[in-house]
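Subject: Structure handover

Hello,

I am passing this structure on to you. Please look through it first; my notes on what was found follow below.

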2 protein chains.
Amino acid sequence: MNELKSLIRTIPDFPRKGILFRDITPLIENPEAFKYVIEIFAKNIPLGINKLVAIESRGFIFGGALALKNHMGFIPVRKSGKLPGETTKITYDLEYGTDTLEIHKDVIRKGDRVVLIDDLLATGGTALASCRLIEKCGGRVKKILFLIELDELKGCEKLKGYDVFSLLHF
Amino acid sequence: MNELKSLIRTIPDFPRKGILFRDITPLIENPEAFKYVIEIFAKNIPLGINKLVAIESRGFIFGGALALKNHMGFIPVRKSGKLPGETTKITYDLEYGTDTLEIHKDVIRKGDRVVLIDDLLATGGTALASCRLIEKCGGRVKKILFLIELDELKGCEKLKGYDVFSLLHF
């Protein structure tokens, strides 16, 4: 796991001063490491899951691979205005201002058991909003997968009640 | 192939009036169809390719799966300001205004043989700019893969000289 961790590059002051950005690109550029991560994610998906939802846009990289690996359909959660069909929307608070996420209305149905995936858990706002979207459509989020969790930001507390798996902790 | 094509939903007037938007989400939600697409892409990758570059953000879905399938590293081309490391940039013309794409500087080296992937070939501006980025870094684009090509927009002519494979034509 330390070897995997060494493939996460830390870049200071990105996207703004004072932020230590954890850059996943060296890991995903490494075929062995990428494959290993997807295999671990696959092992952490509970039985009976029938939908995979991935969060734009780095979540799409892992979501695409995991959908293939576990033979699941891929469902995107996207920023406002990107999905062309009828959508369910949610607006949530950011540090400054708000953001809106959308999911296609017809893709999650009552009783669906969903795994949600993104690259990084920071404050948990985006993931929680995505859970709410899935639930608004009648689905149940049975697992949330992250490559990285930033422990200090306590996103896990915001996601209390959900089954969260984060592969690497910083 | 007609079965695959029936999984592309056509949405009129998105993102603006007069555009027939080809929506890939019904296809990627279908595990069989998604797997089949990735298998065809994999068969169309020439021998000796050592890098996979995917274009943000729908290209990430296919790129992630194909990287796993063919045991390749995943390299993102992203919109301006998203990549945290040192980047090579290119600005190109859109119908109205310009857009800028970036790739991390250290990820493509002289002599690399690259496959580029995106979901859709329209006018070809984004794909051509991505090829130029890869070439600026010393790489050679040996194949470009698209799920969909919009024949009327003649993107293929703009990509003349490149080996383009598009699975579905509209």
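B:Ser57 lies in the loop between strand E3 (51-55) and H4 of chain B. The model is a predicted one, and in it the peptide bond that joins B:Glu56 to B:Ser57 is cis, with omega at about -10°. Another cis peptide bond links B:Phe14 and B:Pro15, where omega is about -5°. B:Pro15 is also a loop residue, placed between strand E1 (9-12) and strand E2 (20-23) of chain B. These bonds are worth noting because most peptide bonds are trans, just as most residues other than glycine have a negative phi.

On the matter of phi, there are also some residues to look at. B:His71 is not a glycine, yet its phi is positive, about 55°. B:His71 sits in the loop between H4 and strand E4 (74-79) of chain B. Setting aside neighbours within four places in sequence, B:His71 is in contact with A:Pro31, A:Glu32 and A:Lys35 of chain A, and with B:Leu66 of chain B. From B:His71 to B:Glu3 the C-alpha distance is 28 Å, and 68 residues separate the two in sequence.

B:Lys154 is another residue other than glycine with a positive phi, near 55°. Its loop runs between strand E8 (140-149) and helix H6 (155-158) of chain B.

Next, the relation between the two chains.

Helix H3 (residues 31-43) of chain A packs with helix H4 (residues 58-69) of chain B at an angle of about 105°, and their axes are 9 Å apart. H3(A) and H4(B) are therefore roughly perpendicular, as angles from 65 to 115 degrees are counted that way. In this pair, A:Phe34, A:Lys35 and A:Ile38 of H3(A) meet B:Gly64, B:Ala67 and B:Leu68 of H4(B).

Helix H4 (residues 58-69) of chain A and helix H3 (residues 31-43) of chain B have axes that come within 9 Å and cross at roughly 105°. H4(A) is therefore roughly perpendicular to H3(B). Here A:Gly64, A:Ala67 and A:Leu68 of H4(A) meet B:Phe34, B:Lys35 and B:Ile38 of H3(B).

Beyond its neighbours within four places in sequence, B:Leu147 is in contact with residues including B:Ile8, B:Ile24, B:Leu27, B:Val37, B:Phe41 and B:Phe62. B:Asp118, B:Asp119 and B:Ser166 are also among the contacts of B:Leu147.

Helix H5 (residues 125-136) of chain B has 12 residues and spans 16 Å from its first C-alpha to its last, close to the 16 Å expected at 1.5 Å a residue. Its buried residues are B:Gly125, B:Ala127, B:Leu128, B:Ala129, B:Ser130, B:Cys131, B:Leu133 and B:Ile134. After H5(B) comes B:Gly138, with a positive phi near 100°.

B:Tyr92 belongs to strand E5 (residues 87-93) of chain B, and it is buried, with a relative accessible area of 10%. Not counting residues up to four places away in sequence, B:Tyr92 touches B:Gly125, B:Thr126 and B:Ala129, as well as B:Gly97, B:Thr98, B:Asp99, B:Thr100 and B:Leu101. B:Tyr92 and B:Leu52 are 40 residues apart along the chain, and their C-alpha atoms are separated by 22 Å.

Regards

Notes. Residues are numbered from 1 along each chain as its sequence is written. Chains are lettered from A and ligands numbered from 1 in the order in which they are written. This is a predicted model: local features need pLDDT of at least 70, side-chain atom pairs count only at pLDDT 80 or more; totals for chains, interfaces and linings use all residues. Side-chain values use heavy atoms; hydrogens and water are left out. Helices (H or I, at least four residues) and strands (E, at least two) are DSSP runs, numbered from the N terminus. The expected span of a helix is 1.5 Å times one less than its number of residues. Buried means under 20% relative accessible area, exposed over 50%, partly exposed in between (1.4 Å probe, protein chains only). Contact means heavy atoms within 4.5 Å. Axes are lines fitted to C-alpha atoms, for helices over the stretch in contact, and angles run from 0 to 180 degrees between N-to-C directions. Angles under 35 degrees count as roughly parallel, over 145 as roughly antiparallel, 65 to 115 as roughly perpendicular and the rest as oblique.
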